[in-house]
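Here is a friendly walk through the side-chain contacts of a protein model. Have the structure open as you read, and follow the residues one by one.

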Amino acid sequence: MKKTKNENLKILFYVGLLFLASRLLLIMTGCIYNYLTEDYSKTWDLLYHFDAEWYTSIIDHGYMNLPRPDGQASYAFYPLYPMIVKFIKHFLPETYTANQIGILVSNFCIYVAAVISVKFSRLLHKEDTGYFFAFLLFFAPHSMYFSMTYTEAMFMLFTIAFFYVCYQKKFLAAAVFACLAALTRIVGIFLVFSLLIFMYQADYEKVTLKNMIAFIKGIFLNPLRLFEIMICPLGIFGYLYYLYRLVGDVWASAHIEVAWHHSYNNLFKALYMNLLSPGSGASSQYWSMWGVLGFVLIGYLIYKKYYAEALFGLLSIVVPLNTDVLAASRYVMGNVVFYIALYEMLNKKQTAKIVVMNSSIVIYCVLLYMWFSENCFFVF
Amino acid sequence: MFPENLQKNIIFKIVLYICCAGMAAFYLYVFYLGFHPQVSDDYRAYYIDQTVDEWPGETMER
């Protein structure tokens, strides 16, 4: 018991050090940006762009029932993150802005997620320290979304917690995390399929028709198991009902996407067209390549027999990429399963790990600088 | 998560089945509403049918 407590404290401490180092680098990049532009902006203002503005609008004013002149509206964004930030805002002095509290919440979420990631990696590989996973969450390219008023950090927390408890066969806790993840970002709903795979693997070793029929029968005969599956979509259906009450359309959050970009309605077409031409703007090729990288990492997960993770990763990039490749880098690097793939791929290859760690730090700073300059849609 | 003896309790099982039935009914009701949107013609034309390129309806400025 005492040994576990000491171990947990050690994890909290070392993950805390990594966290501080990454945020120091973030602030330092902000200072360099201020110096080169001969301006002075506070770090939280430098981070405040794009979707962060939508989230603060929801936190301060609630959801809009009418769109803006360009057709865009805030109900495209899912409610749990702004709800929690708003709740915390009630307890803090009014001088704190929604953006500042959003940044605090995101940073807290990613710190906890990193602590869980260390414990998760030790669960998978007993001989491992697991700090490389935490490093990736703090320094990987595009991990900057975890430090701003974006939902990515909270989503990462719920999804890593989901996989962590699934490996311990605590399926009720997993279902609650899946429910919370879906209320944070719509793709969280796909965790229900991963949950089913974990449940199946807990009961049966081989995939046969007989076992599958017995598994389905078992779900209906075991009310607790049925309950665990049923609560996964509860939050998101609550939000869909709310949208019906707000604008009269259950699928409003999906329909509103048309105001942001046109849909290719075909995954391969979206990837192919954007690889060849700037279909979705100057960063089309870059985003398409992230989409391709996502599929490569999913293939690697299947190869390593991480089927539940692979299925979740596949569904959570196929659905947005079917529309467009816009912000594909965020979809990939905002999802825990791709970190699991990177971790598995690199962890035992010392030289590759060092190269990736060093280049990650450089790319992290470059992307942060581009984010601060705002006029570059490269990062979005 | 729940103690073994509680999971075997018949009342506990009935309560869980009732909760599941309630959730299933709610999901079906939301799906039903999904097929019957109560929206303006402008909303339908721009967001659902996508027959117009620009939002023609009322707007809100924030």
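B:Tyr29 is partly exposed, with a relative accessible area of 40%; buried means under 20% relative accessible area, exposed over 50%, and partly exposed in between, using a 1.4 Å probe and protein chains only. Please keep in mind that this is a predicted model, where local features need pLDDT of at least 70, side-chain atom pairs count only at pLDDT 80 or more, and totals for chains, interfaces and linings use all residues. Residues are numbered from 1 along each chain as its sequence is written, chains are lettered from A and ligands numbered from 1 in the order in which they are written, and side-chain values use heavy atoms, with hydrogens and water left out.

What is the partner of B:Tyr29 in an aromatic pair? The partner is A:Tyr241: the ring centres are 6.2 Å apart and the planes stand at 45°, so the pair is tilted. Rings of Phe, Tyr and Trp (its six-membered ring) pair if their centres lie within 6.5 Å, and planes under 30 degrees apart count as stacked, over 60 as edge-to-face and the rest as tilted. Because A:Tyr241 lies in helix α12 (residues 234-247) of chain A and B:Tyr29 in helix α2 (residues 10-34) of chain B, the pair joins two chains. Helices (H or I, at least four residues) and strands (E, at least two) are DSSP runs, numbered from the N terminus. A:Tyr241 is also partly exposed, at a relative accessible area of 25%.

## Aromatic pairs across the model

A search of the whole structure turns up 47 aromatic pairs over all chains. One of them is formed by A:Phe77 and A:Trp260, whose ring centres are 5.9 Å apart with planes at 80°, so this pair is edge-to-face. The pair links distant parts of the chain, 183 residues apart: A:Phe77 is in the loop between α3 (51-61) and α4 (80-89) of chain A, and A:Trp260 is in the loop between α13 (252-255) and α14 (267-276) of chain A.

## Charges over rings, and a buried histidine

A:Arg330 lies over the face of A:Tyr145, at 5.6 Å from the ring centre, and A:Lys353 lies over the face of A:Phe132, at 5.1 Å from the ring centre. A charge sits over a ring if NZ of Lys or CZ of Arg is within 6 Å of the ring centre and within 35 degrees of the ring normal.

A:Tyr145 also has a polar contact of 3.5 Å with the side chain of A:His142. A polar contact is a pair of N or O atoms within 3.5 Å; within protein, one must be able to donate a hydrogen and the other to accept it, and residues adjacent in sequence count only if both atoms are side-chain atoms. The side chain of A:His142 makes another polar contact, of 2.6 Å, with that of A:Tyr286. A:His142 sits in the loop between α6 (131-139) and α7 (152-167) of chain A and is buried, with a relative accessible area of 1%.

## Salt bridges

How many salt bridges are there over all chains? The count comes to eight, a salt bridge being a side-chain nitrogen of Lys or Arg within 4 Å of a carboxyl oxygen of Asp or Glu. A:Arg122 forms a salt bridge with A:Glu7, the closest N and O atoms being 3.7 Å apart. A:Arg122 lies in helix α5 (residues 98-124) of chain A and A:Glu7 in helix α1 (residues 2-37) of chain A, so the pair ties together parts that are 115 residues apart in sequence. A:Glu7 is partly exposed, at 37% relative accessible area.

A:Asp203 and A:Arg225 meet through their side chains in a salt bridge (2.5 Å, N to O). A:Asp203 belongs to helix α9 (residues 191-203) of chain A and A:Arg225 to helix α11 (residues 223-231) of chain A, so the pair ties together parts that are 22 residues apart in sequence. A:Asp203 counts as partly exposed at 42% relative accessibility, whereas A:Arg225 is buried at 13%. Salt bridges that share partners also join A:Asp51, A:Glu152, A:Arg185 and A:Arg330 into one network.
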